[in-house]
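Here are my notes on this model, written for someone new to reading structures. Please keep the 3D view open as you go through the points.

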Amino acid sequence: MKTICLYFEIHQIRHLKRYRFFDIGTDHYYYDDYENERSMTEIANQSYMPALNTLLDMIKTHNGYFKVAFSLSGVAIEQMEIHAPQVLEKLQELNETKCVEFLAEPYSHGLSSLINEECFAAEVKRQCKKMEEYFGQQPRVLRNSSLIYSDDIGLQVSQMGFDGMLTEGAKQVLGWKSPHYVYHCTLAPKLKLLLRDVELSDDISLRFNNRSWEGYPLFADNYINRIAELPDKEQVINIFMNLSAIGMSQPLDSNILEFLKALPFCAKHKDIVFSTPYEICSKTQSVGALDVPDTISWNDEERDVSAWLGNPMQREAFNKLYSVADRVRIANDPRINQDWDYLQASNNFRFMTTKSSGVGLDRGIYSSPFDAFTNYMNILGDFINRVNTLYPEEIDNEELNSLLTTIRNQGEEIEIKEKEILRLQTKIEKIEAASDKLKAKLDDDTDKEKGTVSGTEATSIAAKNKDLQA
């Protein structure tokens, strides 16, 4: 039986303000508060809330048949906590239906998986903690920023304990293969891979309202018919997109919500079901390994990382940022850590791209890629100065690596000792409980013995009184 896996990504960048060279060292606040509030409020009202209300109605209407998955970057959650708490409340309401799965992803929606394994693992762990805090779910499937994936990344994700991962059904990887099967990582066979159907996903997220597109207008019955007509063995259809596609990329007056509402009715008529990523990973066997030696993503026609690292400016900014990754981790300063999250967001590097793509790019306050690069590097210069103040630049990499190793070993030793302390505390509690039980038994036996002696003495006294009377 064919199944549709419908997944939406939610991320909202923290917009940077205009930051001049002369601000370095004097101004440590890098954000445009007005633009952040305006953009978050706009996308919440025009996209997130209408879309989430529709998805909730679909779940309730179809009584458990319709299912959907989401992932939220930690940066987006922080923005919503301040400017759009109603979105988080609606997601919690969706979660209560038991028809929604929340996935893991990097906290910053950054590119750490490409350069620093420890930074990537720490980000994912923090985002998972947020998912558990808000929704009570411990994610079992990971979605990297913009579906970035390679064999090496898959190996690390498997070592982090995940059962599955989402990525792009890129032509250069699939070749003659179909994205409608479950595959596994070639370096970690236990990690299942779900591949995005590029055409079916982009028909909704990119082309739905394009009147010059040959498929316009797109109707739900025709869309489902295309899925139903796929070969019988092609059972898994993964439709992945940004939630902002509904209401922003595809305006609400395009009838995008009506299209979504009709999908479950049409799918049920064709005996097609809906499943969440973990359900598919746990129930469906892999048909084989997927070799991805070079990194892929869902961006642009190339489906690689050139949207963020395709020119010298982007690579210089990227390498400069992550040159202090270990120092940031050692410093562990709350304000530094927060700025680190916001500066890592992949959008900052996307603004610097010189590529032309089929998707329009809104550079915000920047007039050109060089303008975006200059502003970011000014901010990065101040940020790195602050990091070096906490952790002196004079310390060389060898000493730094030695210190990091020591810190890691100490952390592992502390964790082992904490587990041993917990084990001993549990043992002590059991001994004390047994001691209390034994003491209670002894007290009870003593009371009974005293009662028996007292009874004997009373009988003897009564007998003596009887003799005296006689």
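Predicted model: local features only at pLDDT ≥ 70, side-chain atom pairs only at ≥ 80, totals over all residues.

1. **The contact between the domains.** How many residues of domain 1 are in contact with domain 2? The count is 43 residues of domain 1, against 41 residues of domain 2. About 3500 Å² of area is buried between the two domains. Carbon and sulfur atoms give 53% of that area.

2. **Charged and polar links across the domains.** Between domain 1 and domain 2 there are 6 salt bridges. The polar contacts between the two domains come to 27 residue pairs. Three helices each supply at least two residues of the side of domain 1 that touches domain 2: α2 (74–83), α4 (117–135) and α11 (306–309). That side is made of 19 nonpolar, 11 polar and 13 charged residues.

3. **Salt bridges in the whole structure.** A search of the whole structure gives 29 salt bridges. One of them joins the side chains of K60 and E93, at 3.8 Å from N to O. K60 sits in helix α1 (residues 33–62) and E93 in helix α3 (residues 85–95), so this pair ties together parts 33 residues apart in sequence. K60 is exposed, at 54% relative accessible area. E93 is partly exposed, at 30%.

4. D203 belongs to helix α7 (residues 198–205) and R226 to helix α8 (residues 220–228). The two residues are 23 apart in the chain. Is D203 buried or exposed? D203 counts as buried, at 2% relative accessibility. R226 is partly exposed, with 29%.

5. **A bridge between two loops.** D300 forms a salt bridge with K355, and the closest N and O atoms are 3.0 Å apart. D300 lies in the loop between β10 (289–290) and α11. K355 lies in the loop between α15 (347–350) and α16 (369–390), 55 residues away in the chain. D300 is buried, at 12% relative accessibility, while K355 is partly exposed, at 24%. Elsewhere in the list of salt bridges, shared partners join E168, R196, D202 and R303 into one network.

6. **Helix α2.** Why is helix α2 described as largely enclosed by the rest of the structure? The reason is a count: 7 of its 10 residues are buried. They are G74, V75, A76, I77, E78, Q79 and M80. Among the elements that cover these residues are β1 (3–10), α1, β2 (68–72), α3, α4 and α14 (334–344).

7. **Residue N36.** N36 is placed in helix α1. N36 counts as buried, because its relative accessibility is 1% and the cut-off for buried is under 20%. A polar atom of its side chain lies 2.9 Å from the backbone oxygen of D32. The side chain of N36 also makes a polar contact of 3.5 Å with the side chain of Q79. Beyond its neighbours within four places in sequence, N36 is in contact with I13, R14, H15, Y31, Q79 and H83. Note that Q79 is one of the buried residues of α2.

8. **Residue D27.** Where is D27 placed? D27 is in the loop between β1 and α1. D27 is partly exposed, at 21% relative accessibility. D27 and D382 are 355 residues apart in sequence, yet their C-alpha atoms are 8.1 Å apart in space. Leaving out residues up to four places away in sequence, D27 touches K17, Y19 and D382. A polar atom of the D27 side chain lies 3.0 Å from the backbone nitrogen of Y29.

Conventions
Residues numbered from 1 in each chain as written. Heavy atoms only, no water. Contact = heavy atoms within 4.5 Å. Buried area = accessible area lost by both parts, 1.4 Å probe. Salt bridge = Lys/Arg side-chain N within 4 Å of Asp/Glu carboxyl O. Polar contact = N/O pair within 3.5 Å; in protein donor to acceptor, adjacent residues only side chain to side chain. Helix = DSSP H or I, 4+ residues; strand = E, 2+ residues; numbered from the N terminus. Nonpolar A, V, L, I, M, F, W, Y, C, P; charged D, E, K, R; others polar. Buried < 20%, exposed > 50% of the residue type's maximum accessible area, 1.4 Å probe, protein only.
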